[in-house]
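Hi everyone, thanks for making time. I'd like to walk you through one structure today, so let's bring it up on the screen.

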Amino acid sequence: MKTIDALNVYYRDLNSLIDNSIETDSDITLKNIFGQRYIGRGLPKKAKLKIYGTPGNDMAAYMDGAEIEVFGNAQDAIGNTMNYGRIVIHGNCGDTLGYAMRGGEIYVEGDVGYRVGIHMKEYEEMNPVIVVGGKSGDFFGEYMAGGAIILLGLNLTKDEDMIGRFCGTGMHGGVIYLNGTPDKYRFGKEVAKSTNITSEDVLFLRKHIDFYKKTFSKQLNNLKIESFSKYVAVNKNPYSNMYCIY
Amino acid sequence: MLREGELRIPSGCSISGIIDKKGKKFNGEEIIKSITLMHDRSNGLGGGFAAYGIYPNYKDFYALHIFYENLSVKTQTDDFIKKHFDIEKVENIPTRSVPNIVNIPLIWRYFVRPRTQTCVSKENFIDEAEFTSRCIIKINTNCKGAYVFSSGKNMGTFKGVGYPEDIGKFFMLDTYEAHMWTAHGRFPTNTPGWWGGAHPFTILNWSVVHNGEISSYDTNRRFVEMYGYKCTLKTDTEVITYLFDMLVRKHNLPIEKAIKVVSAPFWDDIEREKSEEVKNELRSIRAVYANALINGPFSIILGCERGMIALNDRIKLRPLVAAEKNNRTYVASEESAIRVICNNPEKVWAPKGGEPVIALLEGEQE
């Protein structure tokens, strides 16, 4: 296992250092990370990164199978257009997490910012998943086209809301699972609560919640699968009639 | 080549701010370190800082920082200043040579007091601050090639064309002690870049650093210009500065109401308010000050005498992170830019869109 001290290392130098290192040693620990961008961009399956500090924007952009574990908070646009792999964040995460994500999994222990899962999508066997332990900002699942987002809403105080407003605005595919049923005004008009929770949904939730518990060493005895609600797009193709009249 | 003011620029930038709420002073090294970490958010076409509490020996004088393009406009401006102000001290703002900082204008600083007996009169509702702000607007409009880029008391801004870390070095900010610093790294995408167009933008003790673009600029501009302001640079940030000066200084709105004006709640959120009183107040604010609503993506840090306020647009289209440790509040575009100067903050949070971070000096009420 190789350790890189990233203090005062410019992001480009750091990222080429990582590229070079995985040729010989695929397990890399990064220390003293302060905002370096694009860490783990396009990284292939064999690489495993442990990151201590605050990785910068667009971490794991276009990631292609690597595993990244962050011990600290992450910033904006994490997992931008990532294809395969897994990101685990022991902390909070900023805005546009999983931006246009195409595959792989992201687990966030705490809260996330605005526009999480914006335009994430799925294709055949590629089904991206984001699991968030705490609360989220506005526009959760905005323009979502595929994949799944699970929001556990753990440890909220009385005056905290699990989601903000405009959840699922412009959504036309994928699934959002929320631990509870927030007021209707918080959702966009393109998303609706589904009454059809199947055994597959339950298995799916259980699998990812179990992984969350294990990864972040939590008991979560009070967390009940039955209290989750499922939200899907009202229309798979809402804009198809916008430019032509049949 | 088109100059600043002849061209409108969409921009994306970096901002950072630190305040010690007990008023303890510290030099500019920390704020430079914070803004330097976000180097790649800017492109070398603008950097700047605002520092509060730096002129304790001249705290009763307005400190005018002025860029001049040539000596003849300086002579013209000097005549104007002498006519309207008593000058306590005039000097070059000290700078050191930095390789990347070029095309440097003449940079002067004046500590002045309005000539009260001739210029300021209660009958005409003109106090010192109003008089001074009018004079500054006059200089910026009429003296071509002169630009007053700072005009507060016991505070100053330092800005120019370059990366913020180079601008900080150039202005020797390590030699100034302030209880509050804000900083900006600029990324104007189409600008020719001029020193006056860098952030912060100021009027009197107000300073604004801004990341984003104000799509309501022209509506806001027309509104403030009805109250005597003149937007000389066509950049959106300038109008934010004037809006706050107008709302708080001229219209006597409490700062938290001024924030509601520029970042008003959505109508349907107002309708859901439980208290009729709050509901009516918000309705009135939106009705009276419809033209002062700032629309478009922004995160700003507003500096004033009383402290520091950071604010996002209502749907948070630009990043903003805040942290607290001991007596200090930090805000920045990126969390790493706070952590690099603040080890283990007690609290770190991402403010919601439209919800301000208000960090005032002790003894100041919200």
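Let's begin with a pair of strands: β13 (residues 298-304) and β14 (residues 307-312), both in chain B, run antiparallel and are joined over six bridges. Strands here are DSSP runs of E of at least two residues, helices are runs of H or I of at least four, and both are numbered from the N terminus. Two strands count as paired if DSSP finds at least two bridges between them. To pick out one bridge, Leu302(B) is partnered by Ile309(B) in β14(B).

Before I go on, a word on what you're looking at: it's a predicted model, where local features need pLDDT of at least 70 and side-chain atom pairs count only at pLDDT 80 or more, while totals for chains, interfaces and linings use all residues. Residues are numbered from 1 along each chain as its sequence is written, and chains are lettered from A and ligands numbered from 1 in the order in which they are written.

Now zoom out to the whole sheet. Five strands of chain B make an open, antiparallel sheet, in the order β11-β12-β13-β14-β18. Which strands stand at the edges? They're β11 (201-203) and β18 (357-360) of chain B, and each has a single partner strand, so one side of each has no neighbour in the sheet.

Next, helix α8(B). Six of its eight residues are buried, so α8(B) is largely enclosed by the rest of the structure. By buried I mean that 20 or more other C-beta atoms, placed from the backbone, lie within 10 Å of the residue's own; 12 or fewer is exposed, and in between is partly exposed. The buried ones are Ile255(B), Ala258(B), Ile259(B), Lys260(B), Val261(B) and Val262(B). They pack against α7, α10 (276-288) and β14 of chain B, where a contact means C-beta atoms, placed from the backbone, within 7 Å.

So how do α7(B) and α8(B) meet? The axes of α7 (residues 236-250) and α8 (residues 255-262) of chain B come within 9 Å and cross at roughly 135 degrees. Axes are lines fitted to C-alpha atoms, for helices over the stretch in contact, with angles from 0 to 180 degrees between N-to-C directions. That makes the two helices, α7(B) and α8(B), oblique to each other: under 35 degrees is roughly parallel, over 145 roughly antiparallel, 65 to 115 roughly perpendicular, and the rest oblique. On the α7(B) side, the contact uses Leu243(B), Phe244(B), Leu247(B) and Val248(B).

Last stop: Gly162(B), in the loop between β8 (155-160) and α5 (164-170) of chain B. Gly162(B) is buried, with 28 other C-beta atoms within 10 Å.

Terms used
Two residues are in contact if their C-beta atoms, placed from the backbone, lie within 7 Å.
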